[in-house]
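Work through the exercises below with the sequence and the 3D structure at hand. Each task is followed by a solution in steps.

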Amino acid sequence: MKLFVSSNLLRNSVFFKISAFVLISVACFFLGKHWSEDGFRRLIFFSAEPSRSPIVALSPDFGKTYNISDLIYESHPILPPSLSPPPPPDSVELKVFGIVNENGTMSDDFQIGDYDAESAETLGNQTEFESSDGGNESTTARVSVRKFRMCSENMTEYIPCLDNVEAIKRLNSTARGERFERNCPKEGMGLNCTVPVPNGYRPPIPWPKSRDEVWFNNVPHTKLVEDKGGQNWIYKENDKFKFPGGGTQFIHGADQYLDQISQMIPDISFGNHTRVVLDIGCGVASFGAYLMSRNVLTMSIAPKDVHENQIQFALERGVPAMVAAFTTRRLLYPSQAFDFVHCSRCRINWTRDDGILLLEVNRMLRAGGYFVWAAQPVYKHEKALEEQWEEMLNLTTRLCWVLVKKEGYIAIWQKPVNNTCYLSRGAGVTPPLCNSEDDPDNVWYMDLKACITRIEENGYGANLAPWPARLQTPPDRLQTIQIDSYIARKELFVAESKYWKEIISNYVNALHWKQIGLRNVLDMKAGFGGFAAALAELKVDCWVLNVIPVSGPNTLPVIYDRGLLGVMHDWCEPFDTYPRSYDLLHAAGLFSIERKRCNMTTMMLEMDRILRPGGRVYIRDTINVMSELQEIGNAMRWHTSLRETAEGPHASYRVLVCEKRLESSEKRRTKKKRKTKGKRA
């Protein structure tokens, strides 16, 4: 009997244990499911949707990050109910802002991280993130973008803001060159197709050979040859254009002309004291092309006028150039940008409207810098030309410029180094000094001002180290940039330079950037110019145009004080250059910011327009914009590859590497021609 009772108790005990385990399991299951559907991160074991196959379903919140401390605080406040939080301080003094080490102090001693050279060399062999014209193999969710059509054949040289015929027709006046200014299409009316290449287009001749010759089919226009053939500018020979190096006022060659200027004013010291030059009305940019061998960067500018392809020739040669004109608005360069400004028969009436155009030169010319004018009024003795010379002398005297040398057909003036002369002028002398409230670096759609830009009293912009030391020397004007930092500005400057030097070193070593034919480079969000500085320091034989978006701090003064080139721009609008201008477009942190204001498809189509066939694009940005950008790139028939950064797979950034292949452009052009012929038939 005892044995029978013990057996029943044992069985009941086992039964209770099993029942309790089942109940606990079911309770845990429903509790877990309930928890996964609230505001916290969902568990990957639960899926609201039934699955036909045995797979693990990922939560819709997969990939998102949360501030765990904030979540804990919301659920379990730390403060007792009887206590209220202390009031916030009236002000917080920001001691340091920038790169902070483990001790909480500012430091520029940091590492970017290691890289795998072998994997970096196989960028085109990725499978997990890679995509191209042929299809998409990515495992991540993507938006869908249809393939873009090719634009009509007459748009091979289309510049949207300068070829807007309808907007130009509506201008109230064109007397002061308003038709050469930016007249952009209205929102929604911009480019919605990819610009075709000219028939017979070939990869550009590499630098430095391109200084002297380019392929005819790449810029198939002979008007300059017809107009300027006798001035030693350019001539056609078989399937190439040749550039002897001459100009209207220096038909014996730019080198001889530069030697003459150096002998006239030895203090100009090209490549040392003089590093950044503006060449106005540049022709085919031989002046700037020959200055490059003297360690001088020249921004060559000209309008898209009767000689409309001169800037296109300059860019095809591999020389820095932009379409720009002296009209009614400020040029898109900062105050005290250029060490030297050059005008050789640039066809500008400097004395009109009481010198408002020369006042714009004065704004951009560095304190103590030189203005060189080579023109007929300097040396011819005809009555009309002599009157022009007297007017120029009168104007430059009122601007406090000093005529330091006049020799043959060249006259050279020097700008003062301070405001002493301006303040000592007699009452009523024009033009007046600008108001102290005027911002001379505010240039985006800003009208010209008929006043003299004040020189910084503290010498900012003038006290620069000689080249090449100025490249890595934090300039004085760094302290004037409107950013959320004050004490740590120099540390930020140094940190940015070190950051990009590490990355570019990897690119040069692993991706052979010195061997792939990079020449014309555009940095679309340049910051302090660290990307361009790294390329210069590592001797990559290219030039970089540093773009400062209007949506961020204006760091252009720092760019120029470093001895680099830059321009202000709004990426919601097209850029003022010809199609096929650049070999490399670089965009770091651009799209995640500009997507709030701009259409990303419009931005990418503009990048395609200005990128050469065979050119490359490097986009370094947050993960949440990459899928859309890659789909847009694929729709433009770029070959795209999404890469992890050196920080690894859990970093919030990725690098999208794109290539615009020449054969894709040629195939599309041929296909379009066949369709056109079929329709005609």
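**Exercise 1.** State how helix 13 and helix 14 lie relative to each other, and list the residues that join them.

Solution. Helix 13 and helix 14 are oblique to each other, a word for angles that are not under 35 degrees (roughly parallel), over 145 (roughly antiparallel) or 65 to 115 (roughly perpendicular). The angle behind this is about 55°, with the axes of helix 13 (residues 489-510) and helix 14 (residues 530-537) 8 Å apart. Axes are lines fitted to C-alpha atoms over the stretch in contact, and angles run from 0 to 180 degrees between N-to-C directions. The crossing of helix 13 and helix 14 is right-handed, meaning that the near helix is turned clockwise from the far one by less than a right angle. On the helix 13 side, the contact (heavy atoms within 4.5 Å) uses Glu 496, Ser 497, Trp 500, Lys 501 and Ile 504. Their partners in helix 14 are Gly 530, Phe 531, Ala 534, Leu 535 and Glu 537. By class, five residues of this contact are nonpolar, two polar and three charged.

The model is predicted: local features need pLDDT of at least 70, side-chain atom pairs count only at pLDDT 80 or more, and totals for chains, interfaces and linings use all residues. Residues are numbered from 1 along each chain as its sequence is written, and side-chain values use heavy atoms, leaving out hydrogens and water.

**Exercise 2.** Describe the packing of helix 17 against helix 18.

Solution. Helix 17 (residues 600-610) and helix 18 (residues 623-635) have axes that come within 10 Å and cross at roughly 45°. Helix 17 is therefore oblique to helix 18. The crossing of helix 17 and helix 18 is right-handed. Met 600, Thr 601 and Met 604 of helix 17 contact Glu 628, Leu 629, Ile 632 and Gly 633 of helix 18. These residues divide into four nonpolar, two polar and one charged.

**Exercise 3.** Is Thr 298 buried or exposed, and which residues does Thr 298 touch?

Solution. Thr 298 belongs to strand 7 (residues 297-302). With a relative accessible area of 1%, Thr 298 is buried, the cut-off being under 20%, against over 50% for exposed. Leaving out residues up to four places away in sequence, Thr 298 touches Val 277, Asp 279, Gly 288, Leu 291, Pro 320 and Leu 565.

Definitions and conventions. Helices (H or I, at least four residues) and strands (E, at least two) are DSSP runs, numbered from the N terminus. Ala, Val, Leu, Ile, Met, Phe, Trp, Tyr, Cys and Pro count as nonpolar, Asp, Glu, Lys and Arg as charged, and the others, Gly among them, as polar. Buried means under 20% relative accessible area, exposed over 50%, partly exposed in between (1.4 Å probe, protein chains only).
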